[in-house]
Amino acid sequence: KLKQRSLNAIHVGAIARVYGDRGDEVVQHLLRHPLVVLPIVYNRLREKHIEWKNARGMLLGMWRGVAEVNYEGSFDTLCYFYKKEVERSFSTDHLIEECKRARHYIKHPRKQNDHPASRLLNCTFSTTSPAPMIYQPHIYHSLPSSHHHNHQVHKDAYTTLCLLLFGGIAKTASDCEKVVRIWTEFMVPWFNLPSCWFLKQMRERGRRDKSSCVVKFAVGQSVRTAYGDGQVISLLEGTNTLPLRYEIEFLHSGIGYLRPSAILHALPSKTAAQFARRGGFMQFVETPPEIEKGQVPLEGRGYKTMFVTEKCYLFLRLYGLLIRVLNMARWEILEPKRERGRPKCGVATMRNAYQRPSFLPSSSEGDRPMEILSPFVFTGYHGLISALQNYIKEDLATKQYETICRTLHPGKTHVFAALPRLLEKTAESMVKMAKEDVCLVLHDLSILKNMDLKGLREDSLNVANDASYRVEYDGESIFFGYLGRDTEMLLSPKESSSGSSSRRERGEQREREEADEEGSERELMPLKAPPSKRIKLKL
């Protein structure tokens with residue numbers, strides 16, 4: 001028999017772990033017949049010990065790799081809260097409130113969003129900007145210049161947004177075609193983007209003539225096509241054998257016949273004939289031969305001006321924030337040094353990138369890539385774009401994407417981790433703007449000849465009742481201002497000669513605006529309890 005207390009808790013626990021439910025029975029037999037049972041149990045425990053030791057050695061390398069990747073993230077306790085703060089900074093209500101209540105935030109600077117997480121994305125409040133001739137409270141922020149060296153950021157934003165737009169957010173063929181026309185007819189001339197990026201989507205998303213959303217251009221109108229600039233000579237209606245096509249006279253290459261999907265956008269007319277779309281057709285618009293005295297012409301100011309609706313404003317704000325974040329990542333995430341002759345790539349090739357670790361057993365397939373993506377594969381700014389696209393395709397989990405962001409730039413992890421949500425909101429706002437079907441009409445009005453600010457605002461309000469957001473863009477900064485339908489637009493900082501009556505009117509208008517702002521602020525504040533009788537007696 002065994003001596004008393006020869007089996008301690010460790011021995012009993014090991015036997016129970018090896019034999020499972022029969023562990024108690026094995027312990028009883030060991031106590032009754034130790035000479036027979038002890039060699040069997042000892043050999044079994046020794047075999048399991050060798051097996052577990054080999055398994056631990058094989059998995060130890062993997063555990064060390066995972067622990068090394070997540071080591072810095074375990075100390076980043078503020079990333080989650082900073083990420084939520086960044087996402088709150090580009091919420092719909094916050095963006096609308098910033099523009100509508102710009103006067104209130106200028107008057108009370110402490111109420112402006114000054115959180116350290118979203119400080120890089122905050123806009124600037126101002127009362128006057130003489131260059132774009134804005135003399136009322138507004139907001140603005142800088143964008144990368146429209147030089148061709150900065151087009152890479154817009155291209156990355158376009159390719160990434162297309163994955164979301166055509167991957168499920170734009171659900172119908174009509175929505176997809178309208179989104180493509182927004183890119184070609186508005187975004188290309190507004191941000192001065194190369195037209196070659198959008199030709200593939202124009203061919204693939206274009207629909208048949210009867211159901212197409214493409215406007216019918218007028219004869220004599222100057223247009224930009226996939227083959228160069230030209231002028232519409234005639235419109236040839238489609239037949240059973242031939243589709244609808246335009247006869248275009250190009251500037252340097254003769255005459256050609258093009259489908260509507262090959263025409264990118266209309267060019268500003270230099271002649272007296274001015275066109276704007278109405279009901280799906282480009283129609284002639286009468287404009288004054290000369291601008292009246294006292295009015296501000298749109299030409300020669302160096303600024304592109306539009307009065308847009310709330311949906312257009314939200315899209316431009318979100319797209320501007322997206323471009324700012326990508327441009328910041330482009331300059332702050334350093335590219336790794338590459339050997340001479342090696343191609344520039346954000347993600348290495350599969351065979352070179354995913355080397356099989358030494359602690360894993362050899363596979364018969366040899367160079368078969370691993371299923372788990374290593375965060376060290378994504379390097380530089382191009383690695384961030386690749387990781388972002390893989391996350392949209394659901395090839396990366398949220399935790400893996402945040403780990404990659406932390407590897408690329410530990411100080412800006414919360415900003416880059418909020419990029420997927422920013423992209424999703426930008427794509428959703430673009431689809432809503434395309435369904436509204438007003439943006440292209442407002443853009444046509446903004447490029448008319450002999451148009452002044454006051455006339456542009458009146459025509460925009462006639463097209464859309466809520467075209468109350470003024471947008472100015474000069475290639476480096478974009479300005480946003482809110483002007484209600486009954487609010488007068490100031491064209492000069494000086495007071496008019498009418499004297500006290502004009503001052504009184506402006507004072508009354510300012511008091512009404514402040515009263516509205518205080519009323520909206522009072523609605524947002526929680527209700528307070530009524531004062532007690534003791535306070536009333538003291539008063």
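Predicted model: local features only at pLDDT ≥ 70, side-chain atom pairs only at ≥ 80, totals over all residues.
I began with Met 62, which is partly exposed, with a relative accessible area of 33%.

Next I looked up where Met 62 sits. Its place is in helix H3, residues 34–69. Then I checked the surface around it.

In what order do its five strands run? I read E6-E5-E4-E3-E7, in an open sheet with antiparallel pairing. Which strands stand at the edges? They are E6 (255–258) and E7 (263–266). Each has a single partner strand, so one side of each has no neighbour in the sheet. From one strand to the next, the twist averages 45°.

I looked at one pairing in detail. Strand E3, residues 222–225, pairs with E7 in the antiparallel sense over three bridges. Val 223 stands opposite Ala 266 in E7. As a reminder to myself, strands of a sheet pair through backbone hydrogen bonds.

I found zero in the structure. Cys 79 is in none, and the nearest cysteine sulfur, that of Cys 405, is 8.5 Å away. A disulfide needs the two sulfur atoms within 2.5 Å.

Is Cys 79 buried or exposed? Cys 79 has 6% relative accessibility, which is under 20%, so I wrote down buried. Cys 196 is exposed, with a relative accessible area of 54%.

Conventions. Residues numbered from 1 in each chain as written. Heavy atoms only, no water. Pairing = 2+ DSSP bridges. Helix = DSSP H or I, 4+ residues; strand = E, 2+ residues; numbered from the N terminus. Axes fitted to C-alpha atoms, helices over the stretch in contact; angles between N-to-C directions. Buried < 20%, exposed > 50% of the residue type's maximum accessible area, 1.4 Å probe, protein only.
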